[in-house]
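Visitor: I would like to learn how to read the features of a structure model, one at a time, with the general idea first and the particular case after it.

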Amino acid sequence: MRVVILGSAAGGGLPQWNCRCPICTLARSEPDRVRPRTQSSIAVSADGSDWLLINASPDIRQQLFDNAQMHPREGLRHSPIRAVLLTNGDVDHVAGLLTLREGQPYALYGTRGILDSVNANRVFDVMAEGVVERQAIGMDEPFEPLPGLTVTLFPVPGKVPLWLEDETMEIGAETETTVGALIEAGGRRLAYIPGCARVTDGLRRRIAGVDALLFDGTVLHDDDMIRAGVGTKTGWRMGHVPMRGENGSIDALAAVEIGHRIFVHINNTNPVLVEGSPERADVEAAGWTVAHDGLNLSL
Ligand SMILES: [Zn+2]
């Protein structure tokens with residue numbers, strides 16, 4: 001199985017267009033200390049030729065340009081991306097669908113809840129009916145988006161996307177609106193969980209023994225955004241478990257057998273983004289990799 005991390009940042013990317021926080025500022029002035037990163041997306045392949053895109057970020061056009069495996073290579077119009085899977089309806093995971101138009105056929109997969117929110121918004125009709133087939137996938141129902149690649153979706157504690165929040169919203173609920181994906185090919189297993197509000201026993205059992213885990217690295221501490229002075233929301237309020245602190249993911253996953261532990265979906269306020277920082281050293285000493293754009297894995 002081949003995996004390419006197309007975008008390793010959370011919503012807004014790094015630097016975020018309107019942000020002058022210390023980390024965004026460093027990403028502009030000293031890219032050796034803070035590598036710029038695009039918004040959350042990965043691509044997975046069983047054969048290195050046909051690819052499943054998981055989540056379509058607003059930066060998709062740049063991501064496909066930056067990674068040669070994703071370039072068209074046959075005839076006049078072609079894409080190695082044969083299928084797209086959405087793990088939630090966040091803007092940073094669905095806005096890129098607007099770029100994947102121009103009459104290119106592919107299959108679009110997601111849970112009924114996620115596809116309903118896409119279907120309800122007519123701007124997504126740019127993915128023409130009859131060209132892009134939208135297919136709802138049930139929880140715990142393995143499906144094969146590409147030959148030789150099997151995906152199973154499972155609910156993880158989360159919340160609805162910010163743009164769908166209302167007074168009935170429940171944080172930490174396990175619903176179809178935030179899911180993880182277990183991907184299998186050639187006897188290797190990858191777990192992809194870019195958004196997760198809490199590590200539960202069920203989640204630990206689910207991912208035990210995987211060859212690689214790509215996990216929600218939005219915040220280091222629950223109050224990152226408040227510490228950085230850029231917001232009032234905690235990680236919990238945004239549906240993201242912190243890396244460190246009470247119930248932090250590093251400790252909560254420490255006893256689980258996992259091949260590679262990799263943080264993705266990293267918010268631009270997270271100090272682990274600074275090369276050589278004590279925070280980066282701490283998570284690396286705990287056995288975790290902080291993903292950067294273009295990171296390739298062969299499992
Ligand atoms: Zn920033």
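Predicted model: local features only at pLDDT ≥ 70, side-chain atom pairs only at ≥ 80, totals over all residues.

The dialogue below takes up a metal site, a pocket, some salt bridges and a few backbone features.

Visitor: Which atoms are the protein donors of the zinc ion?

Guide: Donors are N, O and S atoms within 2.8 Å of the metal (3.2 Å for Na, K and Ca), and since water is not among the atoms, sites may look incomplete. Here the protein donors are the SG atoms of Cys19, Cys21 and Cys24 together with OD1 of Asn268, at 2.3 to 2.5 Å from the zinc ion. Along the chain these donors follow the spacing C-x1-C-x2-C-x243-N. Cys24 in helix 1 (residues 22-29) and Asn268 in the loop between strand 12 (260-264) and helix 9 (278-285) are 244 residues apart, so that this pair links distant parts of the chain; helices (H or I, at least four residues) and strands (E, at least two) are DSSP runs, numbered from the N terminus.

Visitor: What is the geometry of the site of the zinc ion, and is Cys24 buried or exposed?

Guide: Four donors count as tetrahedral if all angles lie between 85 and 135 degrees, and the site of the zinc ion is tetrahedral, with angles of 97 to 118° among its four donor atoms. As for accessibility, buried means under 20% relative accessible area, exposed over 50%, and partly exposed in between (1.4 Å probe, protein chains only). Cys24 is buried because its relative accessibility is 0%, and Asn268 is buried at 3%.

Visitor: How many residues line the second largest pocket?

Guide: Rolling a probe the size of a water molecule over the atoms shows where empty space is left. On a 1 Å grid over the protein atoms alone, with a 1.4 Å probe, a pocket is an open set of points with protein on both sides within 12 Å along at least five of seven lines, and lining residues have an atom within 4 Å of a point. The second largest pocket is lined by 17 residues, and Leu64, Pro72, His78, Ser79 and Leu100 lie nearest its centre. Its space is about 510 Å³, where grid points are joined across faces, edges and corners and the volume is the space filled by probe spheres set on the points. Helix 2 (residues 60-66) gives the most to this lining, with three residues.

Visitor: How many salt bridges does the structure hold?

Guide: Side chains of opposite charge can pair when their charged atoms come close. A salt bridge is a side-chain nitrogen of Lys or Arg within 4 Å of a carboxyl oxygen of Asp or Glu, and the structure holds 13 of them. One of these joins the side chains of Arg73 and Asp50 (4.0 Å, N to O). Arg73 lies in the loop between helix 2 and strand 4 (81-85) and Asp50 in the loop between strand 2 (41-45) and strand 3 (51-54), 23 residues apart. Arg73 counts as partly exposed because its relative accessibility is 41%, whereas Asp50 is buried at 19%. Asp50, Arg73 and Arg82 are linked in a network of salt bridges.

Visitor: Where does the partner of Asp282 lie in the chain?

Guide: Asp282 in helix 9 is 38 residues apart from Arg244, which lies in the loop between helix 7 (235-238) and helix 8 (249-252). Their side chains meet in a salt bridge (2.9 Å, N to O), and Asp282 is partly exposed at 29% relative accessibility.

Visitor: Which residues does a cis peptide bond join, and what is phi of His265?

Guide: Most residues other than glycine have a negative phi, and most peptide bonds are trans. A cis peptide bond joins Leu14 and Pro15, with omega of about -5°, and Pro15 lies in the loop between strand 1 (2-7) and helix 1. Phi of His265 is near 55°, a positive value; His265 is in the loop between strand 12 and helix 9 and is buried at 4% relative accessibility. Asn247 also has a positive phi, of about 65°, but Asn247 is exposed at 57% and lies in the loop between helix 7 and helix 8.

Notes. Residues numbered from 1 in each chain as written. Heavy atoms only, no water. Tetrahedral: all angles 85-135°; square planar, octahedral: opposite > 155°, others 65-115°.
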